[in-house]
Amino acid sequence: MESSSSNSPNRRQHGRPPWGRMLTNVSVWAMLSFFCQGYMPYIYVTWFFIYLVRVRGLTMLQGGFWGSTPFIAIMLLAPLGGWFSDFAVAKFGKRRGRQTTVWIGMRCSAILLWTGSHMVSNVGAILMLALAAGFNFFAASSWWATCIDLTPTYSGSLSGLMNTFSGAWLAPIATAYIATHFGWTQALDFAAMLTAIGAILWIFVDASDALEEKTLISAAG
């Protein structure tokens, strides 16, 4: 008697992910721009408090208070970005809809991050840097949504591949190195540059490129 798990509809339907299609697809490779998206937020997780206290001269209490502002911005702008991404898809189609959301989020994030790092006023700089984090997450939902757009059945596999290449692991190391050798402004400018590159790479992402349909066509042929 076969077990219920081996006879389940999902097991019969899914099979192996179409790795060949994924790894030879331009959109998939361009989505590795997730490295750029994942880099910047981990500066806030690991170094932002220290930056506020040591570079901006805030007290420990002030650093704790102002250090929460990026995460408040993320809490507000991340769901707004998800809503806007779906709205833009309904209006412009999958390709332009997802691209538009990423371009708005990542470009605003890069500009705000660069501007904040060069601003003299502490309050102005912190608000700019906080909004930069928020707009980064405004764009983030489109990476995950595009994994579903490209291959709905195997979106978990594609999401895992994409997430493997996140720049989150590098941000704490590179930020400390650049800040120590060149200065904190340059460390934040480097993050702004990567953020801008993340937006540019979305020129090559086409969320309407249905990989599973191509797989079925090839199998039928």
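At what angle do helix H9 (residues 94–118) and helix H13 (residues 184–200) pack, and how far apart are their axes? The angle is about 165 degrees and the axes lie 8 Å apart, where axes are lines fitted to C-alpha atoms over the stretch in contact and angles run from 0 to 180 degrees between N-to-C directions. H9 and H13 are therefore roughly antiparallel (over 145 degrees). Helices are DSSP runs of H or I with at least four residues, numbered from the N terminus.

This is a predicted model, in which local features need pLDDT of at least 70, side-chain atom pairs count only at pLDDT 80 or more, and totals for chains, interfaces and linings use all residues. Residues are numbered from 1 along each chain as its sequence is written, and side-chain values use heavy atoms, leaving out hydrogens and water.

Next, select helix H8 (residues 69–92), which holds both Trp83 and Phe87, four residues apart, about one turn of the helix. Trp83 is exposed at 52% relative accessibility, whereas Phe87 is partly exposed at 40% (buried is under 20% relative accessible area, exposed over 50%, partly exposed in between; 1.4 Å probe, protein chains only).

Then display Phe84 and Phe138, an aromatic pair that is tilted, at 5.7 Å centre to centre and 40 degrees between the planes. Rings of Phe, Tyr and Trp (its six-membered ring) pair if their centres lie within 6.5 Å; planes under 30 degrees apart are stacked, over 60 edge-to-face and the rest tilted. Phe84 lies in helix H8 and Phe138 in helix H10 (residues 122–150), 54 residues apart. Both Phe84 and Phe138 are buried.

Finally, select Tyr44, Trp47, Phe48, Tyr51 and Trp184, which form one aromatic cluster.

Definitions and conventions: Helix = DSSP H or I, 4+ residues; strand = E, 2+ residues; numbered from the N terminus. Parallel < 35°, antiparallel > 145°, perpendicular 65-115°, else oblique.
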